Amino acid sequence: MSRRHPSPAGLPLHPTRRHALALGGVMLSLAGCASSRSEASGYSTSAPIPTGAPSADTVLRVAGRTTQLQLEAAGDAIEGPAFTIGEWVNVGAGPDVIQAFRARSLDLASNAIIPPITAREIGFEAQIVAVLERPDPSYVFATATGSGIAEVADFTGKRIAFSQGQSQGDTVLRTLREAGIAYTDVELVDLPSTQFLTALQGGQVDVAPLSEPQVTKYIDQYGADGAIALPSEVPDLLTVLWAPTTVLTDEANVLAIRDYVRVWAQGQVWAWEHAEDWKQFYYVDTEGVTAEDAGRIWSRIGAPRFPRSWDVAVEWARSSQQLLIDGGFITGDFDAEDLFDRRFEDVAVQAVGADYVEEAS
């Protein structure tokens with residue numbers, strides 16, 4: 001089944017490098033320990049992917065909290081990984097994942113498309129091994145009390161929480177583009193996404209992109225004082241699994257990663273097909289929101305879609321890369337196609353039913 005994808009094209013932005021200077025320290029700190037191509041000299045996307053089952057003796061450290069919880073909730077309904085997950089590493093934000101990758105304390109992670117772009121910009125070699133598409137917007141713009149914001153057009157002149165290296169930053173840039181608002185007409189406040197909520201609460205920013213259930217908790221607390229939630233009109237289309245190329249040079253690791261892609265995809269499908277169980281387990285029992293709020297949150301989430309071809313994903317990555325180039329945040333001296341290891345292109349689609357496969361349009 002095929003669905004129309006959101007176009008990566010949009011209104012032109014008026015770029016400035018003003019905010020790139022504020023972000024330079026983070027980029028330099030990451031670049032200082034970036035790996036080189038020579039470290040991954042045994043890696044090639046043209047080499048056939050190994051066949052066979054992974055060994056139980058293969059150990060990977062994985063950042064994938066959602067998959068971890070889905071496996072716990074699903075029980076025997078999902079066949080667990082055939083290799084050993086040595087640790088579920090508690091990192092999620094893109095910059096933290098990159099730091100963990102370069103410290104060799106993490107082997108595989110789930111993120112949006114921006115972290116792999118950021119990593120390649122600073123010379124850290126990593127590859128995307130799985131792609132999930134969700135055409136529905138993921139974020140909601142929460143406003144500070146007294147901000148005077150009633151719609152996206154009111155973002156002009158306001159302070160917006162912004163993280164260049166995370167998916168929230170991509171959503172901000174796409175939203176400004178679609179609204180025809182120049183970067184110079186807003187103040188992009190450089191913060192990690194983990195600080196967005198406290199920045200709103202403390203009045204450091206006027207608006208911030210939040211995900212659920214965080215935005216629901218915020219509005220429950222501050223809505224009576226005038227805080228509002230504006231659903232994003234632009235999607236955060238891609239969720240990807242990615243791994244350092246140094247990890248992918250080991251054939252045993254490749255077999256394990258292929259198996260994890262299966263588990264990850266089947267976990268997404270299980271949650272969708274067992275929505276009531278998942279809402280109770282994750283939103284109510286784990287995140288502490290009400291059953292009513294869990295239902296409302298879930299109603300805005302679409303079914304997982306695993307593309308048979310990664311062509312749309314590559315074009316989306318290129319559009320995100322171009323947004324960062326236009327803003328002066330990166331030089332972007334690489335082809336986004338090189339981020340994708342297409343040897344894994346059919347792994348997820350082979351692991352799920354046809355209803356969850358996005359056919360090429």
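**Entry 1: the open sheet**

In what order do the five strands of the open sheet stand? I began with this question on a predicted model, in which local features need pLDDT of at least 70 and side-chain atom pairs count only at pLDDT 80 or more, while totals for chains, interfaces and linings use all residues. Residues are numbered from 1 along each chain as its sequence is written, and side-chain values use heavy atoms, with hydrogens and water left out.

I read the order as E2-E1-E3-E10-E4, with mixed pairing; helices (H or I, at least four residues) and strands (E, at least two) are DSSP runs, numbered from the N terminus, and two strands pair if DSSP finds at least two bridges between them. The edges are strand E2 (84-88) and strand E4 (126-133), each of which pairs on one side only. From one strand to the next, the twist averages 25°.

**Entry 2: the whole chain**

I noted 13 helices and 12 strands for the protein. Of its 361 residues, 53% count as buried, where buried means under 20% relative accessible area, exposed over 50%, and partly exposed in between (1.4 Å probe, protein chains only). Among contacts (heavy atoms within 4.5 Å) with a separation of 6 or more, 83% are between residues 24 or more positions apart. The protein exposes about 14900 Å², of which carbon and sulfur atoms supply 48%; these accessible areas come from the Shrake-Rupley method with a 1.4 Å probe, and for residues only the protein chains shown count as cover.

I followed helix H9 (residues 251-273), which lies across E1, E2, E3, E4 and strand E10 (238-244) and runs at about 20° to E4. Axes here are lines fitted to C-alpha atoms, for helices over the stretch in contact, and angles run from 0 to 180 degrees between N-to-C directions.

How do the axes of helix H2 and H9 cross? I found that the axes of helix H2 (residues 65-74) and H9 come within 9 Å and cross at roughly 65°. On the H2 side the contact includes Thr66, Gln70 and Leu71, and on the H9 side it includes Tyr260, Trp264 and Trp270.

Leaving aside neighbours within four places in sequence, tryptophan 88 is in contact with Val62, Gly64, Thr67, Gln68, Leu71 and Tyr260. Tryptophan 88 and leucine 60 are 28 residues apart in sequence, and their C-alpha atoms are 9.0 Å apart in space.

**Entry 4**

I looked next at strand E5 (residues 140-143), which is joined to E8 by four bridges in the antiparallel sense. In this pair the bridge partner of valine 140 is leucine 210 of E8, and threonine 143 stands opposite valine 207. Three bridges join E5 to strand E9 (residues 229-231), again antiparallel, and there phenylalanine 141 stands opposite leucine 230.

Which residues of E5 lie on each covered face? I found Val140 and Ala142 on one side and Phe141 and Thr143 on the other, all buried. Strand E8 (residues 207-210) is also covered on both faces, with Val207 and Pro209 buried on one side and Ala208 and Leu210 buried on the other.

Why do I describe helix H4 (residues 114-121) as largely enclosed by the rest of the structure? I do so because seven of the eight residues of H4 are buried, among them Ile114, Ile117 and Arg120. After H4 comes glycine 123, whose phi is positive, near 90°.

Last, I looked up alanine 336, which lies in the loop between helix H12 (311-326) and helix H13 (347-351). Alanine 336 is buried, with a relative accessible area of 0%. Beyond its neighbours within four places in sequence, alanine 336 is in contact with Val314, Ala317, Arg318 and Gln321. I noted that valine 314 is 22 residues away from alanine 336 in sequence and 6.3 Å away in space, C-alpha to C-alpha.
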